[in-house]
Amino acid sequence: MLRILSFSVHRHINHARFLHSSARMESKVAVVLSGSGVFDGSEVHESSAVLVHLSRGKADISIFAPDINQMHVIDHSKGEPSGETRNVLAESARIARGNISPLTSLSASDYDAVIFPGGFGAAKNLSTFATEGPSLTVNPDVERVIQDFQKAKKPIGLCCIAPVLAAKVIPGCEVTVGQEQEEGGKWPYAGTAGAIKELGATHVPKNVTISFS
């Protein structure tokens, strides 16, 4: 059975029950970030929610990010590109409080699960979904990590827009980005379910539920 868990967590944690039950056994969980900031990196609230919940469950957490430049840098006060150049690993270290490793060092054999928080960084830095849609390419190390965890039959958690990564590298998998069309029809949700289907994966509509039992 393919164990991919998609989270529609632009409104925090869905499938929290999985995180709680896995962490209770003091699982080793890898978290892969894509920068720092919703518009050009990892969504900070989502990343923090995942890390806090895993910590409360006493999971052994390690944080990783690719050592590459961001696609671009957004001035979040204006919502516009700033013209700067920033490194994904260095920016992700802000969320990780410096305790971070390059994604090249992540091996599925060392961990019980991997989680990818959302944010536009998943579509801009971990892949080219933001600019190429269903024709996206995925960062080679991101692709390797997802495929290795899948082959090892270990859980893969994907938040918000990140399920498109699995849809690309594991054809035929089942994922969700919430509903087929998000309220208001704004990117990245508008059309994402269709892109997932075009990639050969199955999109499963889900409502947001929160459970800590």
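Keep in mind that the model is predicted.

**Helix α6**

Now select residues 140-151, the 12 residues of α6.

Next, colour Val142, Val145, Ile146 and Phe149, which are buried in α6. They cover an arc of only 95 degrees around the axis, so they lie on the same side of α6. Turn to the other side of α6, where Pro140 and Lys151 are exposed.

What do the buried residues of α6 pack against? Show β7 (113-116), β8 (156-159) and α7 (163-169): these are the elements they pack against. Then step past the helix to Lys153, which follows α6. The phi of Lys153 is positive, near 60 degrees.

Select β8. Ile156 and Leu158 point one way from this strand. Gly157 and Cys159 point the other way. Are these four residues buried or exposed? All are buried. In a regular strand the side chains alternate between the two faces of the sheet.

**The loop between β2 and α2**

Move to the loop between β2 (28-32) and α2 (44-56), and select Ser34 there. Why does Ser34 count as buried? Its relative accessible area is 1%, and buried means under 20%.

Look for a polar atom of the Ser34 side chain: the backbone nitrogen of Ala122 lies 3.5 Å from it. Show the contacts of Ser34 beyond its neighbours within four places in sequence. Among them are Val88, Ser92, Gly121, Ala122, Asn125 and Leu126. Asp40, Gly41 and Ser42 are also on that list.

Stay in the loop between β2 and α2 and pick Ser42. Ser42 is buried, at 0% relative accessibility. Leaving aside neighbours within four places in sequence, its contacts include Leu33, Ser34, Gly35, Ser36 and Gly37. Ser47, Ile95, Gly118 and Gly119 are in contact with Ser42 too.

The last stop in this loop is Asp40, also placed between β2 and α2. Asp40 counts as buried, at 3% relative accessibility. Which residues does Asp40 touch, not counting those up to four places away in sequence? They are Ser34, Gln70, His72, Val73, Ile74, His76, Phe120, Gly121, Lys124 and Asn125.

Now draw a distance from Asp40 to Asp75. These residues are 35 residues apart along the chain. Their C-alpha atoms are separated by 9.2 Å.

**The whole chain**

Zoom out. The protein chain has eight helices and 10 strands. Of its 213 residues, 52% are buried. Take the contacts between residues at least 6 apart in sequence: 73% of them join residues at least 24 apart.

Note on methods: Residues are numbered from 1 along each chain as its sequence is written. This is a predicted model: local features need pLDDT of at least 70, side-chain atom pairs count only at pLDDT 80 or more; totals for chains, interfaces and linings use all residues. Side-chain values use heavy atoms; hydrogens and water are left out. Helices (H or I, at least four residues) and strands (E, at least two) are DSSP runs, numbered from the N terminus. Buried means under 20% relative accessible area, exposed over 50%, partly exposed in between (1.4 Å probe, protein chains only). A polar contact is a pair of N or O atoms within 3.5 Å; within protein, one must be able to donate a hydrogen and the other to accept it, and residues adjacent in sequence count only if both atoms are side-chain atoms. Contact means heavy atoms within 4.5 Å. The expected span of a helix is 1.5 Å times one less than its number of residues. The arc is that of the directions from the helix axis to the C-beta atoms.
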